[in-house]
Amino acid sequence: MSAYHRPATLDEALKVLFGTRAPLTVLAGGTDIYPARTARLAWGALEPVDILDLSAIKDLRGIKDCGDYWWIGALTTWSDIIAADLPPLFDCLKSAARDIGGVQIQNRGTIGGNICTASPAGDAIPCLMALDAEIECIDATPFRVPIDRFYTGYRTTILDGEIVTGVRIPKQPGRSVFRKLGARRYLVISIAMVAVVIDTSADGRITHARCAVGACSATAQRLPLLEAALIGRACDPALALPEHFASLTPIDDIRATAAYRREVALTLTRDCLSELAVMPKQEAAHG
Ligand SMILES: Cc1cc2nc3c(=O)[nH]c(=O)nc-3n(C[C@H](O)[C@H](O)[C@H](O)COP(=O)(O)OP(=O)(O)OC[C@H]3O[C@@H](n4cnc5c(N)ncnc54)[C@H](O)[C@@H]3O)c2cc1C
């Protein structure tokens, strides 16, 4: 018989984490865990594990302006992100949030859960990479990891029983776009998705560029060749070339072939650049 813990504070959660010898599953909104568990049980795998349900810890939910960075608590839901008053830098993340599941999933699912599931098709992950996010974690002491060092492979992270408490996004001027393609418009797992963040000088030249692609490798990937090619140029979709995507390692699966995924990544990136080319420049929001 498994135990169910639902602490109201992070301190209580840590006591459970360190005081429980049995294997422990961390639970947030449950929108990834429950379907996965149901599928395992359907195939006869009965794995009673203790549950540490974080959902009552109010301090881990919400978005804060912390001076030179924004903090998004791990329990912040997609609906919270959609409703938040955030600068245009966050448009990619808001757009991804609107595309995640339907309203019921957006009301339950959390950013922390999406990060920790570590699915190659996790829609938040390329956005957070393009936003230079750091992941805040805690075990005996708190620590932070840049998001591109958080993932170690397909559905694996550096976590070894720790809790993710939130995400830090450095304040910077800029604007962003997210594009996703699935087999249909809504309620769909991504075939590929792209997030692009840029900033431009007064004469319209790109001074900062971050591009990340999901569902085209075991983990989402930044595109450093494309980012370098964009610097100093006016934003133009023709700047994205197939060779900038050479580092991706897409697979053939039930949703798409590897070749199609590569094509989609290029097309979505060009769509992002087209949209960014006509968006007005945004100043840094240092609230
Ligand atoms: C119908 C449906 C549609 C969906 N559509 C999409 C979609 O379009 N795009 C997309 O990206 N995802 C989608 N999802 C997946 C899911 O909704 C999201 O990934 C969601 O953000 C997961 O958050 P959660 O709080 O529900 O995670 P949970 O299910 O509670 O947890 C997920 C994993 O993260 C771990 N975890 C959670 N929080 C923490 C924490 N703070 N610290 C440490 N570990 C933690 C859990 O142990 C578990 O392994 C969909 C799911 C469903 C059921």
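Buried means under 20% relative accessible area, exposed means over 50%, and partly exposed lies in between, with a 1.4 Å probe and protein chains only. Strands (E, at least two residues) and helices (H or I, at least four) are DSSP runs, numbered from the N terminus. The model is a predicted one: local features need pLDDT of at least 70, side-chain atom pairs count only at pLDDT 80 or more, and totals for chains, interfaces and linings use all residues. Residues are numbered from 1 along each chain as its sequence is written, and side-chain values use heavy atoms, with hydrogens and water left out.

Strand 6 pairs with strand 7 (residues 142-146) in the antiparallel sense, over five bridges. Two strands pair if DSSP finds at least two bridges between them. Three residues lie between strand 6 and strand 7, and the two strands form a hairpin. Within this pairing, C137 stands opposite F143 of strand 7. Strand 6 also pairs with strand 10, again in the antiparallel sense and over five bridges. There, I138 has I163 of strand 10 as its bridge partner.

Four strands make up an open sheet in the order 11-12-13-14, with antiparallel pairing. Strand 11 (175-181) and strand 14 (221-222) stand at its edges with a single partner strand each, so one side of each has no neighbour in the sheet. Strand 14 is joined to strand 13 (residues 206-214) by two bridges, and the two run antiparallel. V213 has Q221 in strand 14 as its bridge partner.

## Helix 4 and D99

Helix 4 covers residues 91-99; seven of its nine residues are buried, so the helix is largely enclosed by the rest of the structure. The buried residues are C92, L93, K94, S95, A96, A97 and D99. Just after helix 4, G101 takes a positive phi of about 55°.

D99 belongs to helix 4. Its relative accessibility is 14%, so D99 counts as buried. Apart from its neighbours within four places in sequence, D99 is in contact with Q106, D123, F178, K180 and R185. Contact here means heavy atoms within 4.5 Å.

## The ligand and its surroundings

The ligand is surrounded by 29 residues, and the closest are V26, G29, T31, D32 and T110.

An oxygen atom of the ligand is 2.8 Å from a polar backbone atom of A28. For D32, an N or O atom in the side chain is 2.7 Å from an oxygen atom of the ligand. For T110, an N or O atom in the side chain is 2.6 Å from an oxygen atom of the ligand. Taken alone, the ligand exposes 990 Å², and the protein buries 83% of that. These areas come from the Shrake-Rupley method with a 1.4 Å probe. Strand 2 (24-27), helix 6 (111-117) and strand 10 (163-170) are the elements that give two or more residues to the shell. Helix 6 gives the most, with four residues.

Key: Near = heavy atom within 4 Å. Polar contact = N/O pair within 3.5 Å; in protein donor to acceptor, adjacent residues only side chain to side chain.
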